[in-house]
Amino acid sequence: MNTKRILGYLHELAANNNRDWFHEHKKEYDVCRKNFEEGVAQAVATIARFDASVAHITPKDACYRFNRDTRFSEDKSPYKNHFGAYICAHGKKSLRGGYYLHLQPGQCILGIGCYWLPTNILTACRNELMGNIEAWRACVENRKFVELFGRPNEGKWDEPGGKGFGLACLKTAPKGFPRDYEFVEYLRMKDYCGWHAVPDDFFEGTTWLEKAADIFKTAKPMMDFMNSVIDDYE
């Protein structure tokens, strides 16, 4: 991808996030969007080498819309300040865990896993975790996973250069689960996704595809663990 051009456009947009400026620079948006989608297609092909379930995914299936939904937000900026794509076997609106690409000046991120799970599915995931805790710990407590994503509920999404495992968590054990459980930090999680921040130049050239694949592969066992539960509901 032409990362410099994409991030340069997003930087300018962030300072001029209004419809007039956007339409005046629509041609540049179209070029950057197409370039990002080409990168997403390359990412799908690379990921499909170790996860055949996403081989059929197209950029249209994965890329999020650029317009913001401002109905319930105090921020009325009409456009996002990033390009994002969720590469998931069942599409970007699926509850199933997948692979996330996020391009934003100073906050480029690779993510994996599932979030915004309904209460019934989240409860089922927690029960599966407790029933197979050693298999779960093997997924998320190995050296490489911790180096890339950290420990549960410690990271902050908007922290430059950061990492994290879990976007939100409860203050204590969820209702119906033991508060004194030895690994209660995993039960407190409200989602099961990890993210790893990368520098703005990460996506330049072609080597980023293999680097991203290595990060995704490290977290795939964790995602597969949860998808084995989620798939029963989709």
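**Cavity and fold of a predicted model**

Reader: Which residues line the largest cavity?

Author: The lining of the largest cavity is made up of A43, T46, I47, L101, W208, L209, A212, A213 and F216. Lining residues have an atom within 4 Å of a cavity point, a cavity being a set of points on a 1 Å grid over the protein atoms alone where a 1.4 Å probe fits but cannot get out. This is a predicted model, where local features need pLDDT of at least 70, side-chain atom pairs count only at pLDDT 80 or more, and totals for chains, interfaces and linings use all residues. Residues are numbered from 1 along each chain as its sequence is written, and side-chain values use heavy atoms, with hydrogens and water left out.

Reader: Which elements give two or more residues to that lining?

Author: Those are α3 (26–47) and α9 (208–230). The most comes from α9, with 5 residues. Helices (H or I, at least four residues) and strands (E, at least two) are DSSP runs, numbered from the N terminus.

Reader: What volume does the largest cavity have?

Author: About 40 Å³, where a volume is the space filled by probe spheres set on the grid points, which are joined across faces, edges and corners.

Reader: Switching to the fold: how many helices and strands?

Author: The chain has 9 helices and 5 strands. Their order from the N terminus is α-α-α-α-β-β-β-α-α-α-β-α-β-α.

Reader: How much of the chain is buried?

Author: Of its 234 residues, 49% count as buried, meaning under 20% relative accessible area with a 1.4 Å probe, protein chains only.

Reader: And what does the C-alpha trace span?

Author: About 60 × 40 × 30 Å along the principal axes of the chain.

Terms used:
1 Å grid on protein atoms, 1.4 Å probe; cavity = no way out; pocket = protein on both sides within 12 Å on 5 of 7 lines; lining within 4 Å. Buried < 20%, exposed > 50% of the residue type's maximum accessible area, 1.4 Å probe, protein only.
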